[in-house]
Amino acid sequence: MVRLRKSGTAGRTNPRRRRRIALLGALVLPLIGTVVAAPPAAAAAVSASCVKTSDWGTGFEGKCTITNGTGSAIAGWKVEFDLPSGTTIGSSWDATRTTSGDHHTFTNASWNGAVNPGGTASFGFNGTGGGWVSGCLVNGAACDGSGGGGGGDAQAPTTPASLRSTGKTSSSVSLAWNAATDNVGVTGYDIYQGTTKADTVTGTTATVAGLSASTAYSFTVKARDAAGNTSASSNAVGVTTDAASGGGGGGNKVIGYFAEWGVYQRAYHVKNIDTSGSAAKLTLINYAFGIVQIGQCTIGDSYADYDRAYSAAESVDGVADTWDAGALRGSFNQLRKLKKKYPGLKVIWSFGGWTWSGGFTQAAANPAAFADSCYKLVEDPRWADVFDGIDIDWEYPNACGLSCDTTGFSSVKNLMSALRGRFGSSNLVTAAITADATAGGKIDAADYAGAAQYVDWYNPMTYDFFGAWDAAGPTAPHSALTSYPGIPKAGFYSDATIQKLKAKGVPAGKLLLGIGFYGRGWTGVTQSAPGGSATGAAPGTYEAGIEDYKVLKTKCPATGTVGGTAYAYCGGQWWSYDTPATIGSKMGYAKSQGLAGAFFWELSGDTAGGELITAVRNGLG
């Protein structure tokens, strides 16, 4: 069974064998335009129209469009209607849905509630049955706009109470408050830093990021309903951010990826994390990968994830899996056991990667629906205790990876905002991101700085800068820390990545340095120094041009260093990879830059005794 490795930066466009995912779908008929209520052309009101965009007899896809026909902006909306008995809604997007019997209510998502005069917002849904909408209301008034410009609701929500600080760092403050009430319904809360609106959320918690260290701030909160009515300001809470860590500080997070497909050919299981000594050195495990398809988070490999039965000898705790109804098996159960043995260890589920990032384009079109699908999968009752959050590995927003994406500069910010809103402050939300620091490159293609407020940290993939997809060379290290004379492409080294992200406003404390536990190599090379020509990719155990450190350390020992990483020349082959010595130097760099720590791809590439992870842990302290 072929399983694919995580990619790194997107300096490359060739890459790897691909898994085909076959998708089955229903044959739908053309747009039939069943209109519920078309707003009058001259209506000075908020109105809504709902149509069937597809109908295949036993089911349909619907869309409702809200139009602001008033002379002032609205800050939120609420659409409700009835469906006849036997007609139901299965899924919806771009809105929050509640259902009571045959009555369905939709309120705006966090990003589409504000509608300017003459502007529109929309949401969609899928249903079964042959019926259609009746009794449509928007903001409490008839959808045809006959209820007047205010939507029939002029009553403001009550004032949020007991605003308080629940945590702080040198660059952020976490807040919580008691929910407000409203005659129709509260749709959101606006958080103010002084007189400036800092954020808008739908729940009763928020984290305001991008703040200065050792600085006093004052915060208030206002509640908002679907008609745009806002409450009075809550009590003010004053918070002084923590002092900066200072030069040479930095964090000591050690995060390793566990590849779900490693349980096959590699025979690397969760128990190996324990027996190698790695578990005691890890802060967190990223479980890779879940699939992003059709704009939703889905299971990557159900057999490896939760169905494979482990024997007592294979199991972390020496107890065999059972076939009892409802019993969890596979790597998920082994991770549960590993966490029990190491109570401080956390695990988050990573979605996407090089091969499985294609669905992010659809996810970006419906961030709330995507976030909801991810939350429901990660928090599935069968394994909710296994995972402490979610990691997103989108390769790459508004740029090309395995495929090309054109979702727009703000798409990653919108997606991470929706994930944070759905997962809340008690779960981790992280992202692996490009390391392409070239002018106009992949870092410049997306609003990573704007999205930083919603993530706990970023994993810039500072590896795979160069490799044998350029079959003729020149040979170059795939994970150089610094530049060096003759580097094939300016900006393709780790320090350039870190400095560019920091310059854009991403806090150093939200960045980790990426390390590859593998090497990349060429064959047909005649010189030991970097910059030589080649005839193709060097042979590898699982894929040409790539090999684990545990193999390379004896197969082709390091013969020199360049740009802060090692290289090796043997038998016409040229390889680059990190050793315990170069990792130690890289950890010193991470600490000097005040980074949060380091992460690596991936656990099975290390030796049985965990040489590389030991160097990471010792280097960070």
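Helices (H or I, at least four residues) and strands (E, at least two) are DSSP runs, numbered from the N terminus. Good morning, colleagues. The structure before you is a predicted model, in which local features need pLDDT of at least 70, side-chain atom pairs count only at pLDDT 80 or more, and totals for chains, interfaces and linings use all residues. Residues are numbered from 1 along each chain as its sequence is written, and side-chain values use heavy atoms, with hydrogens and water left out.

I begin with the sheets. Two strands are said to pair if DSSP finds at least two bridges between them. β5 is joined to β6 (residues 103–108) by six bridges in the antiparallel sense, and T96 has T107 in β6 as its bridge partner.

A second open sheet has four strands, ordered β13-β12-β15-β16, and again the pairing is antiparallel. β13 and β16 (237–240) stand at the edges with a single partner strand each, so one side of each is left without a neighbour in the sheet. On average, neighbouring strands of this sheet are turned by 30° against each other, direction ignored; here axes are lines fitted to C-alpha atoms, for helices over the stretch in contact, and angles run from 0 to 180 degrees between N-to-C directions.

Within this sheet, β12 (residues 186–193) and β13 (residues 196–201) pair in the antiparallel sense over five bridges. Y189 stands opposite V201 in β13. The two strands β12 and β13 form a hairpin with two residues between them, and G194 in the turn has a positive phi of about 65°.

Next, the helices. α5 (residues 367–378) packs against α6 at an angle of about 45°, with the axes 8 Å apart. That makes α5 oblique to α6, since angles under 35 degrees count as roughly parallel, over 145 as roughly antiparallel, 65 to 115 as roughly perpendicular and the rest as oblique.

On a 1 Å grid over the protein atoms alone, a cavity is a set of points where a 1.4 Å probe fits but cannot get out, and a pocket is an open set with protein on both sides within 12 Å along at least five of seven lines; lining residues have an atom within 4 Å of a point.

The second largest pocket is lined by 24 residues, of which S110, W111, A114, T200 and R224 lie nearest its centre. Which elements each supply at least two residues of this lining? They are β12, β13 and α6. By class, the lining of this pocket has seven nonpolar, 12 polar and five charged residues; Ala, Val, Leu, Ile, Met, Phe, Trp, Tyr, Cys and Pro count as nonpolar, Asp, Glu, Lys and Arg as charged, and the others, Gly among them, as polar.

The lining of the second largest cavity includes I392, W394, V412 and Y458. Both α6 (411–423) and β22 (428–433) supply at least two residues of that lining, and β22 gives the largest share, three residues. The lining of this cavity divides into 10 nonpolar, no polar and no charged residues.
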